[in-house]
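I opened the model today to look up a few local features. My notes follow the order in which I checked them.

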Amino acid sequence: MSTATARHPVALNYAAASDVVVTPDASRVQLALEGSRGTVGVSGRVKDPTLFRDALAAAFAVLSSDLRYRGRDRTAYLAYLMKQGKRASAQIWEAQKAFLDSSLEGEEKQDAVLDPVLTVDPDQVSLEVFSRDESAYARLAFDNSLFDNREAAHGSTFLDVPADLPTRLDRLRAYAPVTLEAHVAPSAKAASPQPGAPRAPRNVEVPHAWLRGFLQVQSAATLPATTCSIAPIDLYNLLFALRTRRSKKAPRALRFELVPGAAPRMVLEPWEQVLECHGGPYQGHAPAVVRTFGRNRLTALARLLPHAKSVHVQLMGPGLPVFWVIDLGVATLTLGLTGWTESGWSSAAAFDALMPRDVPEHLAEKLRQRLRTDGPLSFDVLAKDAGAAKDQVRAALQLECLRGRVLFDVARGTYRPRELMPTPVDEAALRYGNEREARAHRLLGDGGPGAGEVKLTQVHDLVGEGTRIQGEVVDREAVRSFFPSFTLDLEGRVKDAGCGCPHFRRSGMREGPCEHMLALRLAYARRRTEEEALRQTPEGRKLIRAETRSYVRRDPTTGLEQVYRVSLDGKVVALAWGPRLGDSRHQRLWFDSDTEARTAYFSRLEKLTADGYIDAASTLV
């Protein structure tokens with residue numbers, strides 16, 4: 001699978017363009033729908049125009065958001081140097097222009113993304129969008145109670161969004177009646193016909209990488225999550241702090257501190273600014289500390305603050321998406337954010353956990369037909385009548401989410417039928433992001449020829465910097481071994497990477513990581529998952545010879561946070577404790593055997609838990 005040819009063709013046929021018609025007496029929102037999917041549409045008078053306007057503005061802000069770094073165009077500066085007789089030849093200038101032209105041409109192809117998806121259900125109408133930088137997904141759902149004289153034809157199709165539509169929506173006012181008309185063909189009640197000839201059909205080549213991110217963020221919603229509730233004023237305080245402060249150094253994380261029976265806390269790093277939440281106590285059974293990244297993407301929610309009733313946050317785990325559910329009363333916005341703003345190769349290990357395995361084909365089809373007949377339905381209802389184990393039912397539903405035929409409604413906790421494409425998406429084409437990632441999985445033994453062997457030779461924890469990972473990859477196709485290495489910093493990003501393969505020697509990291517680095521990253525993530533499961537059993541603890549855990553506790557009176565770090569390395573137990581933003585005290589204990597050191601290590605961890613410390617291992621990526 002080549003990145004240049006891995007594209008999904010989609011034919012779009014719109015009879016007209018979406019528009020907003022505003023008159024002194026009334027306003028009409030005309031949304032043009034793609035016509036090849038049959039009769040789909042909805043119409044009615046909007047009871048709350050202000051909420052309708054601001055909610056659509058927030059969804060379209062997510063659609064147009066692109067927080068990727070863009071280099072500056074230095075062509076004009078080089079031309080200036082040439083006029084001044086400086087060392088900038090015409091060849092350099094022409095080469096610079098050619099490079100920028102080719103880069104922009106590739107960027108335009110990469111930006112060929114799907115139009116928003118509009119779905120009309122018996123109980124609501126929803127709009128799904130995915131950002132251009134492939135890091136944010138939003139689903140806006142309007143309940144039937146928002147409309148008077150609602151008329152609907154159920155189904156899913158694409159929605160035309162011209163560049164000026166968000167600006168036109170801002171012209172809506174609450175004092176004038178607002179009518180929504182979303183149809184495949186232009187409405188006969190239009191004040192004036194659309195200018196010009198009917199719109200010609202257009203074909204869009206959607207990259208598989210874009211589809212992969214869009215569908216995997218949705219399938220992540222089906223995974224178990226840690227959920228907490230905050231008040232709208234807490235979201236306002238968070239957005240205000242992000243708007244008034246800028247961090248020039250890492251880590252730039254939003255940390256959640258969750259203690260059962262106590263109100264959640266949000267902590268902004270690196271300033272350690274604590275935001276006490278007022279949405280009620282945390283209802284979980286175990287304390288947790290979870291770090292999330294890419295917090296600036298939350299600024300798209302600012303338009304919803306006057307309408308928000310409550311805010312719920314679902315934390316999937318380190319490196320996995322985070323879902324923010326904004327309850328607007330008669331509407332709901334669900335914002336799903338990937339683990340990082342930049343969809344870098346570090347997230348490949350996280351997305352690896354989202355792929356279902358060993359799914360019976362007949363079970364997936366049976367569940368989809370059940371949803372088409374009786375949906376929306378909860379997981380418990382589907383699992384009760386499926387005639388299969390719950391883990392198989394969950395995997396089958398997750399597979400249907402990846403195919404684009406089923407949607408999980410995070411706000412209501414139900415599965416809904418929704419056809420993203422006219423034909424189902426081949427999940428095999430979306431299994432890997434590119435050819436190198438496919439080879440990395442083969443090196444790990446995930447099927448196919450060319451299976452190799454991946455060993456983690458050294459995992460060294462760098463205090464205050466991250467984790468240094470070194471390994472050996474036996475590549476049987478190349479008939480030799482390679483020794484990749486890299487460092488994961490505190491934000492989960494990769495630096496100081498190296499490998500001896502021809503790909504890295506030729507281009508370094510400019511063309512992305514080689515398959516050996518990807519295989520090592522995946523092997524490290526899988527080993528971390530296995531170790532977390534094993535360390536909960538006495539048999540698994542006996543296998544642990546080296547490990548580092550961090551525990552935190554915040555003083556309720558002073559608000560200061562104490563960090564306790566315990567490390568096991570063979571016969572040595574190392575301790576470090578003190579305030580997070582201060583000097584730490586250190587102690588090293590030597591024992592006569594590994595067993596004695598391991599017993600002392602776990603005894604220390606149990607004592608910290610009894611003293612009210614929280615295991616912050618989940619903050620590491």
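The entries below start with the whole chain and then go to single elements and residues.

**Ground rules.** I am working from a predicted model, where local features need pLDDT of at least 70 and side-chain atom pairs count only at pLDDT 80 or more, while totals for chains, interfaces and linings use all residues. I number residues from 1 along each chain as its sequence is written, and side-chain values use heavy atoms, with hydrogens and water left out.

**Whole chain.** I find 15 helices and 32 strands in the protein. Helices (H or I, at least four residues) and strands (E, at least two) are DSSP runs, numbered from the N terminus. Of the 621 residues, 49% count as buried; buried means under 20% relative accessible area, exposed over 50%, and partly exposed in between (1.4 Å probe, protein chains only). The protein exposes about 29300 Å², and 52% of that comes from carbon and sulfur atoms. These areas come from the Shrake-Rupley method with a 1.4 Å probe; for residues, only the protein chains shown count as cover. I also looked up contacts, meaning heavy atoms within 4.5 Å. Among contacts with a separation of 6 or more, 65% join residues 24 or more positions apart.

I looked at β18 (residues 322–327) and found five of its six residues buried. β18 pairs antiparallel with β17 (residues 310–315) over six bridges, and pairing requires that DSSP finds at least two bridges between two strands. V322 is the bridge partner of L315. Six residues lie between β17 and β18 in their hairpin, where G317 takes a positive phi near 145°. The hairpin of β18 and β19 has three residues between the strands, and G329 in the turn has a positive phi of about 90°.

**Five-stranded sheet.** Which strands make up the open sheet, and in what order? I read the order as β31-β30-β29-β28-β32, with antiparallel pairing. β31 (585–590) and β32 (614–615) are the edge strands, each pairing on one side only. β30 (residues 572–579) and β31 are joined by six bridges in the antiparallel sense, and W577 stands opposite R585 of β31. Helix α15 (residues 594–610) lies across β28 (546–554), β29 (561–569), β30 and β31, at about 165° to β29. For that angle, axes are lines fitted to C-alpha atoms, for helices over the stretch in contact, and angles run from 0 to 180 degrees between N-to-C directions.

**F482.** Is F482 buried or exposed? F482 counts as buried because its relative accessible area is 3%. I place F482 in strand β25 (residues 480–482). Leaving aside neighbours within four places in sequence, its contacts include G471, C499, C501, P502 and H516. The C-alpha atoms of F482 and G471 are 8.4 Å apart, with eleven residues of separation along the chain.

**H503.** I find H503 in helix α12 (residues 502–507). H503 has 10% relative accessibility, so it counts as buried. Not counting residues up to four places away in sequence, H503 touches R436, G508, E511, G512, P513 and C514.

**I233.** I find I233 in helix α6 (residues 232–244). I233 counts as partly exposed because its relative accessibility is 45%.
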